[in-house]
Amino acid sequence: MDQTFKITNVLSDPTRFSIYQYMVKNHQEVNVTEIAEAFGIHPNVARLHMSKLEDINLLVSYPKKTGKGGRPSRLYRLSDEVVDVHFPHRDYKLLASIALESFVELGEPGKQALYQTGYKYGATIMEAYNRPLSSAHATREHKLTILEEAGTMLGMYPAFNYDEDTGNVSFQINNCPFKEMASQHHGMVCRMHHAFLEGMFESMFDDVELIETENMFNGCENCSYVANLSIV
């Protein structure tokens with residue numbers, strides 16, 4: 001069976017698709033028992049779902065000794081392989097690689113153009129997503145909800161936490177949408193993503209100071225930020 005049809009067939013099951021989203025959002029290794037408890041299903045059913053996801057390379061699994069003797073436990077985690085579904089096939093990853101290499105060849109002006117373009121697209125996406133809302137009449141909480149929803153739509157699966165005492169927002173990016181490109185040019189792509197997030201935030205707030213506190217490419221579990229905000 002063609003790989004595209006395998007992927008769509010596996011992800012057409014709502015529970016299986018939800019399990020995959022759970023894995024992307026939590027970004028941790030899990031066993032069958034944890035999935036069964038999280039979704040209220042029998043462990044054998046959970047094992048079947050995990051095996052199907054592994055068959056199409058969305059997950060990988062490996063045994064791990066429990067220290068209690070007996071059969072080793074099997075753990076599952078997200079695969080590092082990117083799965084693209086297009087009808088017909090379109091190699092956007094190759095196009096992105098070519099574009100990124102072009103920016104690199106241009107040196108510092110190319111980097112600045114990349115960052116400025118990232119900022120522009122972050123703002124543009126929020127303007128399109130937020131078109132029905134008048135930002136002048138939105139509360140801070142409403143704006144953060146919109147940012148979180150937009151981030152989820154973009155595949156970042158962010159988690160926001162608002163501190164009323166300081167007026168700051170801390171948030172995590174649980175899935176990097178530019179992970180494959182960042183593996184080639186970590187510094188440039190992460191800086192572009194930072195500018196992209198700035199564009200998103202500054203379309204909703206004035207005078208945003210966005211500070212990165214953790215980066216998954218430096219061995220951290222997620223990319224984490226603190227945003228100092230002032231409401232429009």
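Visitor: Which residue in strand 3 is the bridge partner of Asn 31?

Guide: In this predicted model, the bridge partner of Asn 31 in strand 3 is Leu 75. That bridge belongs to the pairing of strand 1 (residues 30-31) with strand 3 (residues 73-78), which is antiparallel and extends over two bridges.

Visitor: How many bridges join strand 2 to strand 3?

Guide: Strand 2 (residues 59-64) and strand 3 run antiparallel and are joined by six bridges, and in this part of the model Lys 64 stands opposite Ser 73 of strand 3. As a general idea to keep in mind while looking at strands, the side chains of a regular strand alternate between the two faces of the sheet.

Visitor: What should I look for with disulfides, and how many are there here?

Guide: In general, a disulfide is a covalent bond that links the sulfur atoms of two cysteines. In this structure the count comes to zero disulfides. Take Cys 190, whose closest cysteine sulfur is that of Cys 223: the two sulfurs are 6.0 Å apart, and that is too far for a bond, because a disulfide needs the pair to be within 2.5 Å.

Visitor: Are those two cysteines buried or exposed?

Guide: Cys 190 is buried, with a relative accessible area of 13%, and Cys 223 is buried as well, at 6% relative accessibility. Both count as buried because the cut-off for that word is under 20% relative accessible area.

Visitor: Where is His 49, and which residues is His 49 in contact with?

Guide: His 49 lies in helix 4 (residues 43-55), and with 7% relative accessibility this histidine counts as buried. If we leave aside neighbours within four places in sequence, the contacts of His 49 are Asp 13, Thr 15, Arg 16, Ile 19 and Ile 41.

Visitor: At what angle do helix 6 and helix 9 pack?

Guide: Helix 6 (residues 108-129) and helix 9 (residues 186-202) pack at an angle of about 35°, and their axes are 7 Å apart; the crossing is right-handed. The residues making this contact include Leu 114, Tyr 115 and Gly 118 of helix 6, together with Met 188, Ala 195 and Phe 196 of helix 9. Sorted by class, the contact has 12 nonpolar, three polar and four charged residues.

Key. Residues numbered from 1 in each chain as written. Predicted model: local features only at pLDDT ≥ 70, side-chain atom pairs only at ≥ 80, totals over all residues. Heavy atoms only, no water. Buried < 20%, exposed > 50% of the residue type's maximum accessible area, 1.4 Å probe, protein only. Helix = DSSP H or I, 4+ residues; strand = E, 2+ residues; numbered from the N terminus. Contact = heavy atoms within 4.5 Å. Axes fitted to C-alpha atoms, helices over the stretch in contact; angles between N-to-C directions. Left-handed = near helix turned anticlockwise from the far one by under 90°. Nonpolar A, V, L, I, M, F, W, Y, C, P; charged D, E, K, R; others polar. Pairing = 2+ DSSP bridges.
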